[in-house]
Amino acid sequence: MSGESFEYDGRSVEFEAGDSVLLALQRSGIHPTGGGTLCFGGDCANCVCTVDGVSYVRSCQTEAATVTTVCPHPAGGAPSLPPLDDRPEAPAVEYMTTSVVVIGGGMSGTSAGAAAEAAEERVLVFDANDGAEVLGVYPGPMVVVRTPAAMVHVECERIVVATGAAEIQPVVRGSELAGLYTRNAADVLSRAGIDLGAAAAVTADELGHFEGDDEGRVTAVVRADGSRLQCNSVIVDLGRTPRDALARMAGPGEATVVGQAASVVPTIPNCPSSGVICPCSNVTVGQLDDLYERGFTHMELLKRGSLAGTGTCQGGVCAPYLKSFLADRGGKLQPAFTARPLARQVTLGELAAGSHLPAATRTALDAVHRRLGAQMERIGGWWRPWTYGDTDAEYRAVRERVSIGDVSTLGKVIITGSDVEEALQRLYPTDVATIKPGRSRYVLLLDERGFVFDDGLIAREHDGTFFLTFTSGGASMAEMWIRDWTASWGNDIRILNRTWSMGAINVTGPLARELLADLGLIDPPSFMGHTVATVAGVECKVFRLGFTGELSFELHHDADRSEELWDALTEAGAAYDLAPHGIDALFRLRLEKGHILVGQDTDYDSTPHRIQHGWAVNLNKPHDFIGRHAVERTAKIPVNRKLVGFEADKPFAFEGATAWRGDDYAGYLTSVAWSPALGKAVALGWLERLVDDFPDTVIVEGVEARVVPPHFYDPEGTRARA
Amino acid sequence: MEQLDDVLRVVSTPEALAATDFPDDLLVLPLAPDERMVVGMTPFVLPDPHAIVVRDAGWSARWFDSADADSLLTTHCPWEPPSERPSFAQGMVAGLPVKLWQTEERTLVIVPHVFATEFAERVDR
């Protein structure tokens, strides 16, 4: 012995150089699953065990020198999942491209690889016995291989399958005993110097069944003619079947099968009359008979009905017997069932290797928010500061003094061109011609059915360019929308999405003007106006808006100046007791104003009239626009539900809570908040028309709510327009 | 990843872009038929009165020598970048939208600034 060892089920198992785990176990007289024919070819599940925490590992194809701990699977049950705190590192992934992938490094594979190389093709050869297990063939074709170093994804032009042939395993009484070997396994053991003791050999025609002792070891083989051979082990030679599953995964013309995988004529074994036919899924001949009687008369149906062939060995043992079962009953040999990846068990980490969760985008102020201790949340595809720790204080800073908020997430698009006004007239339901240079307007985006799918601003520049804004997360969709429509109309326009390259900071609160004056903004725009100005040395496009309900200036600027601008505002703002506000405060502030959040307060079929935004649709303008016909049609139909305001003296339970009048469902809340400024709970939500009319009051989770116009705070807008 | 300075985004008609004689010291990357990323600040004349030409501060970038670029792309790029040099390609690397400018000696990897942190975390993991 080499003196090297691994731990098996609490004991030390020594191995020789080059041993597989199974061979080392056999040297110590251990059968890792307790019984069943061993093949040493990776074709069955009779040697799988848990290796270094990973279950269902074929020990016959695992090099002992790479292993520390091996455990048998629990008898009659599945191995337990590894503990969560013992999570292994995600495997690496490698991407390769080549002309030819050869699967199987035996004589025929080597020969095929050499021939391809001679033809100056790039060749990669993978062999499971060298630790490179091909797990599947995917469209492309792409071959996925598990190697000790990484999961390898290989794009190739063609595949050569040289995987040889698998030996037929016995499916007879006693085939679950230990001491049974295929001819290949006996050769491997013999070369390793392992004595099989008194070994009997049987062929397919000779085999009757096996007998064993109380410890599950074979003691005799009973031949078909009834004769009985006493033995310590049995070498079965029942014929072979091509290992062609990987070839069958490939698309038409993608794979060539060579060597024994091509030349071996499949043995169709005798159909057993009873017993387990699929050891992995424990499917018996009786169960198959039952299914057959119920109409499951084809391979695919039988597989789905019984789950035979879906277990660890993926039909390596049972597939020939399923064929013989059906041939016996139907008189016709059916093709093998569809082969699909994966051909081997994989860990979730291996399966996910190279995959990534969609990344949330980060504004240029992301690090600033984190330094300030903000609780960051993913909202609209962005990391955003939910709160800096005290939402009430952030809220008060906006309502009473001045605050800054990161609104870089807003969609921002420049559009220009000789047809730009015509294009915008057709894209938007507002009359774009009446937006003067230096002015902006709140707008809805409607789809062809007249449903609201985004909102934002149109700002007209003095040079004929327009600057459009959209909801956070809405810019990409809006850009595609504009590009598609203007291309189909043949408009001469230029469009550039600047969402990722421009930052935006909202300076809001009754003292916002004073703060900005301190930083150089002497002549700020009037309400809904915009201008270009330098603030704290940073060139900004300044928009005068009112999403919070207070005096507000959005400072749009190059993203690489965001930190500089934020820091200057923070420093100068100290004189005004400035505090930044997060999204939690912002949502409360905008709710008090009754400003909707498209996607949260709107539904998939929200028309402007249903959300009481009919004022944002100008049907008097002489242009057709997307959704116009639908809006005109639906405007004639009485509204059956509408977005309204609710108020109550006690807090509402939660967003999504349902509203009731008696036993009648009356709608649900989409946004809720307690308003410190008003001393009551406010909400937006959908109200249903009941038999008589829209109700005036509803009950939401036991709280009486009054239906009111949604402009709760400063309904005249005097604060924002100050 | 470092901020990529001196970047212009140029949007115009494909015809006008094709007719533009960009100075040799500019790196001009064709992001789309109607769009170029121009690295460098040497002036140029674009024959399109409606062209959008703006400074673009939205990019982070890093040069990799050939060996490091090979290693990066082998482990994080599921598609095969062009083998010609120089060449420009764009696609997903480490699951994020990336632009590659490959020269004989090195490769410039350009990532939108909004993904720079994520990209660094993924490729350094």
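This is a predicted model: local features need pLDDT of at least 70, side-chain atom pairs count only at pLDDT 80 or more; totals for chains, interfaces and linings use all residues.
Residues are numbered from 1 along each chain as written, and chains are lettered from A in the order in which they are written. Local features require pLDDT of at least 70 and side-chain atom pairs pLDDT 80 or more, whereas totals for chains, interfaces and linings use all residues.

Chain A contains 17 helices and 43 strands (DSSP runs of H or I, at least four residues, and of E, at least two, numbered from the N terminus). Its radius of gyration, taken over C-alpha atoms, is 37 Å, well over the 27 Å given for 722 residues by the globule rule, so chain A is more spread out than a compact globule; the rule is 2.2 Å times the number of residues to the power 0.38. Along the principal axes, the C-alpha atoms of chain A fill a box of roughly 105 × 60 × 55 Å.

Of the 722 residues in chain A, 47% are buried (20 or more other C-beta atoms within 10 Å of the residue's own, with C-beta atoms placed from the backbone). The largest nonpolar core has 125 residues, such a core being a set of buried Ala, Val, Leu, Ile, Met, Phe, Trp, Tyr and Cys residues joined through C-beta atoms within 7 Å. Those with the most contacts inside this core include A:Ile458 and A:Val507. A second, separate core of 65 residues includes A:Leu23 and A:Phe40.

The contact between the chains takes 25 residues from chain A and 27 residues from chain B (C-beta atoms, placed from the backbone, within 7 Å). Strand 6 of chain A gives the most to the chain A side, with four residues.

Notes: Two residues are in contact if their C-beta atoms, placed from the backbone, lie within 7 Å. A residue is buried if 20 or more other C-beta atoms lie within 10 Å of its own, exposed if 12 or fewer, and partly exposed in between; C-beta atoms are placed from the backbone.
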